[in-house]
Structures are given as C-alpha cells and as structure tokens.
Amino acid sequence: MKIILAQTAGFCMGVKRAVDSALEHAGKSPGGVFTTGPLIHNNQTIEMLRERKVTTLDESLPIPPQSTILIRAHGVAPDVEKSYQNIGHPIVDGTCPTVKTVHKVIEKYKNMGYAIVITGDEGHAEVIGLQGYAGNAGYLVHSPADVDRLPHFEKLCLVSQTTFDKITFDEVAQKIKDRYAQSEVVIKKTICSATDQRQNETRELAARVDAMLVVGGKNSANTKRLAHIAREVCKGPVQYVETESEIDWRAIERCKTVGITAGASTPNWMINRVVEQLEFFDQTKKKGAHTTVRSLFNLLSNLNVFVASGAVFVYYASCKLQCFQPDIPGMAILFLYFLSMYLWNSLANLESTKHQGLSRFRFYHAHKTRLFAIAGISIAFVLFISFIQGKYLFYLMVFSVIAGLVYHLTIVPKFLLTITRYKSLKDIPTSRDLFVALAWGILITFMPQVMAGVLVFSLSTWFCFSLIFILAYLRSLIFDLRDIEGDRIMGRETLVTIIGENRIRTAIHILILCSIASLIIYPLIFLPGHPRVSPARDSMSFSLQAAPLLYLFIFMMWNKDNRASRSAFFNIFAEAQFFISGLCAWLAGVV
Ligand code: SF4
C-alpha cells in the first residue's frame, strides 16, 4: 500500500502560534492559562494541554489568581475582549493574524457605512467574533440561496470566515454581484490561503488515490470540510478519524494508494500515529518484498543500528584526522556503546516517546525485556573488549557507561530538592542534547589516542572534537525540530522549545557555515607545520569534512517545512552526515 500524506496536513500558522503561546504562558502563570474556548479541536491534545495547566475558560466559574486569559486563534468579539479586560487578569491575544485582518476589513467598511455580509457557519467561534465586529451591520449567509433572503443594500461588503469553502464563497459572491448590480459591492475573499491550499491539495489528492483518511477532531469545522471535499472527489472509501484507533482497516485493505490529510488543528504527532498505524496494518497483514524491506528498516532504526553505525564511521574519520590507525576493537566498542546507550535512553524514557512515533513506542513496549537484555549484553561486551585493550581504555569506558546510565536516574537527595528543582541530570533543561554531543565528542576524539597510548591536546584534537560535537549536536537538534509539538505539549525543555523553531534554524545555519569556513581555513593556516604526516593530505582530510556539514545545510534548507520529518526514512536523512564524514575521511586517504 502506498500512503501519500498531504504536505499541508496539520497545524496551520494561526493554531500553532496560539498553542505555542499557551504553552509558553503556562510556564509563567502559576494559576494556569484559560483559553476562550477549546484551543484546538482535538480531544487528545486538549487532555495533554490540561495536564500543562492550559484549560478552557468556564464563564460560570471564578478564574484563579495569577492566571492568564488567552484569546484563541478564532478571535472574539470586541465587547467580549473588553469584558475579559475588566476581570483584571493578564490577557494574551492569540487571535490568528489572518483573522485579525478580517476584523480590520469589517471595521473599516462598517465605519464607511457598508452592510457587512459574512459567509460562514452559524455558531462557529470565529464567525461569532466576526459578527461581533460587524454589529448591527452584519448579515450571515451560508449558501447562495441565503442571498435571496437578504434585504436591499446601497453599499455592501462581502467577507468570509477564514475556513469557509472557497467554491461556495465564489458562488455567493457571484449571486451578490448579480442581485446587487446597482449597489456598491466590495468583495473581500478573506479565506485563509492555508485553508485554500489544504482544500485544493485534498481535492487533488482525493482524485488520484483509492481511499482517503481525513484526520482531525469531529468538532473541527475545517476538518469536516476536508472530509466533505474528499467524499465528493474520491471514488473509494473516505474515513474521517480522530485517532488511529478509528481506522477501519477492512474497508481499505485492498486499496493500492491511500491519501491522508488533516485539519488545521490536528497535531503532527497524531497524524504520524495514523500514518504509522496504516503502515503497521499493511506490514503485518500483507507480505511482499516492499513490506519486508520496510519492516527491516524499521527494526534497524528502532534498535538504533543506524546511529551506532554512524558512530563507527565518525570514529574512522577521527582516527584519520588525528593520524591514528582505526581498528576493529575500537569500532566494536563504539558501535556497542552507542547502541546500548540509545536503547537505554529510550527504555528509560518510554512513556514520553509516545508522541514521537507510535511504531517506536509499540516496538519498545512489546520487546522491553529483550531490549534491556541487548543493552546489558552490549555494555558487558564494551567493558570486556576495552578491558582486553588496556586499562586506560577500560577506565574511559567504565566512566562513559556510568555517565550514560545515571543520566536518567534520580541522583539528587530529597533534602536538596528545596534548593533545586532538578532530581536528575535529565531534568536540567537542554541537557540531553548537550550530554549526548559531549559523549560523542569526547569518546570518539580521545578513544584513538587512548588506544594508541598517547594523549595529544593539539589544535587538531580540538578541531576534531568540535567537528564531532557539532555533527552529533546537530543530529539531536534535527530530531528536536521534528518533535517540537510533542515536546511542547509534554513540557519537555529542549533548546528548540525554549528558543523557538525559527531562531534555532537560523542558529544552525550560522553554525554550519562558520564550521565549514573553519574547516577550510584551519588546515591552510595551521597544518603546514604539523609534524605527524604530509600537510597536503592532512589539509585534504580536514577540508573534506566540510562535506557532512554542507549536507546538513542542504538538508535543513530542504526540510525547512519539516517535509522529511514525515518520511519513513527520516533517520537516514538525519544521520547521513556521520556516514558522509567517514566516507570523506576514506576518500582523503585514497586521493
Ligand atoms: S486556518 Fe488560517 S486563519 Fe485560521 S487559524 Fe489557521 S492560519 Fe489562521
């Protein structure tokens, strides 16, 4: 089965902005954040938001002190906003900028004496807000037939609910032009382009697939409209599901292609769960070369074989950059160490991985004992091989293993919790990515030296360390960018959730470009006096290491809308820099 996911599926800018704002203020408001109606139409996310003290405002109940009121993306009528201001709590305006534009259009034409005709769904929160701005000048229509019931106007301005169906809007606009041919008519097609694009893509996708899945809350107007469009166009079955558990596999199991789209308030992690559930059905209930390859890939990815193999490639590069000979025991130690540590990290953090991939969560749940055994046996082998290799390497690996294992454990005694809120290293904000990158940098840079029985702290050593640290850190940031929605909802503080997606992307670009420049400049200036080997070869080794960084730069540019994040092969994209690093080191040796 080929699963095609719409590019436009998921949170739109307005909803994302409101959710981010709510979560940001939840951390600052001891009394919590109260939103003017459900922030998004997705029950599972609302439940999680509630756990983060983001709840829907209940007008009949008093609002606790030190809490914040957040106006959601739909906006509210001006008198409602004023009534909130009178309560005396801080107000955060999460109204989507596109909805705000409609408010301004209504205000402008109303003040100029125009009647305001709004196309929209009666009772929809955004429409109630628009009607509030239009006041007595406002008239709501839902279909071209409603235009006949309107009174005569000298001057009329037509606007729309931002999520209204554009074809119906065009029909209403035409009818208005015909009926009010003698009047002054202003048509403002205020349908959000995100909605437009989503509806167009759904139409186009539904026409070329055998079945469609529309993912989103049953009370979400824009998702309902997507389901309606899909039903109109798709020749096969169309399912409107809120969660993966609602998929009727029997109805679609014979379909060759299934399209998936989702409403503007459907979080990415829910879309991913639906995609993964379909893949799971497909892989477990059908057999074939394609599904076997996919299953094998998932197995290796879930076992962290790719990232552990990446560490071996980077080790090879590290040896070449520092003029040491890579050897099999070193490769084996690093492969088993990173395999066991990534496994341990996932097992110790199992519940929180739920929003980062259903298949991974399911895999870890089903094979928990076996995976613990694999991690344990790998650690035993790491210690055994390093013990045979020499006592200093053994000490280094004992320290690395202990550091990796205690990261998740509670190490701060109870009596100290009055002065620190951190019970373990993992509680320190942004610590995970930093510790992981440090482990990569320290181990892979110094292991070749320890194995050779020398310790060198030359400029090349630090360049090598920095390169490995950056490659590993960028890998973590790429995963954090993918998981940003789930991390925010779970309250996990990563650099991405703290600093924000756009700033992190800019910082990553700057970091990559500076690193590339350093790798090109450094060997030209400093290496000619290097005593170990030929400066030309050394120069080439360092300069070629710009390639993995260049790859990351291109990947980040291509993935700026997170398109690769939904690919089944995301891990390969996010870890390819390690393999490129090793291959470039090898290339420098043969050229
Ligand atoms: S659908 Fe468009 S108008 Fe509505 S919240 Fe999203 S971005 Fe804003």
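Reader: Why is alanine 348 called partly exposed?

Author: Alanine 348 has a relative accessibility of 31%. Buried means under 20% relative accessible area, exposed means over 50%, and partly exposed lies in between, with a 1.4 Å probe and protein chains only. Alanine 348 is therefore partly exposed, at 31%. This residue is found in helix H14 (residues 328-348), and its C-alpha atom is separated by 9.9 Å from that of phenylalanine 372, 24 residues apart along the chain.

Reader: On what kind of model do such values rest?

Author: This is a predicted model, in which local features need pLDDT of at least 70 and side-chain atom pairs count only at pLDDT 80 or more, while totals for chains, interfaces and linings use all residues. Residues are numbered from 1 along each chain as its sequence is written, and side-chain values use heavy atoms, with hydrogens and water left out.

Reader: What makes a stretch a helix or a strand, and how many of each has the protein chain?

Author: Helices (H or I, at least four residues) and strands (E, at least two) are DSSP runs, numbered from the N terminus. The protein chain has 25 helices and 12 strands. Buried residues make up 53% of its 591 residues.

Reader: Why is threonine 168 called buried, and with which side chain does it make a polar contact?

Author: Threonine 168 is called buried because its relative accessible area is 18%. It is found in helix H7 (residues 166-179). A polar contact is a pair of N or O atoms within 3.5 Å; within protein, one must be able to donate a hydrogen and the other to accept it, and residues adjacent in sequence count only if both atoms are side-chain atoms. The side chains of threonine 168 and aspartate 165 make such a contact, at 2.8 Å. Leaving aside neighbours within four places in sequence, threonine 168 is also in contact with His142, Ser143 and Pro144.

Reader: What is noted about the phi of asparagine 304, and how do you know whether this residue is buried or exposed?

Author: Asparagine 304 has a positive phi of about 65°, although it is not a glycine. It lies in the loop between helix H12 (289-302) and helix H13 (305-321). Its relative accessibility is 5%, so asparagine 304 counts as buried. Cysteine 323, likewise not a glycine, has a positive phi of about 65°, and its place is in the loop between H13 and H14.

Reader: What makes a set of residues a nonpolar core, and which residues have the most contacts inside the largest one?

Author: A nonpolar core is a set of buried Ala, Val, Leu, Ile, Met, Phe, Trp, Tyr and Cys residues joined through side-chain atoms within 4.5 Å. The largest has 69 residues, and those with the most contacts inside it are Phe338, Trp440, Ile444 and Leu549. Helix H19 (residues 459-482) gives the most to this core, with 14 residues. Apart from it lies another core, of 35 residues, among them Val215, Leu226, Ala227 and Ile252.

Reader: What makes a space a cavity, and how many does the search find?

Author: On a 1 Å grid over the protein atoms alone, a cavity is a set of points where a 1.4 Å probe fits but cannot get out; lining residues have an atom within 4 Å of a point. Grid points are joined across faces, edges and corners, and a volume is the space filled by probe spheres set on the points. The search of the whole structure finds 3 cavities of 30 Å³ or more. The largest cavity holds about 330 Å³ of space. Its lining has 26 residues, of which Cys12, Val15, His74, Thr163 and Ala264 are the closest to its centre.

Notes:
1 Å grid on protein atoms, 1.4 Å probe; cavity = no way out; pocket = protein on both sides within 12 Å on 5 of 7 lines; lining within 4 Å. Contact = heavy atoms within 4.5 Å.
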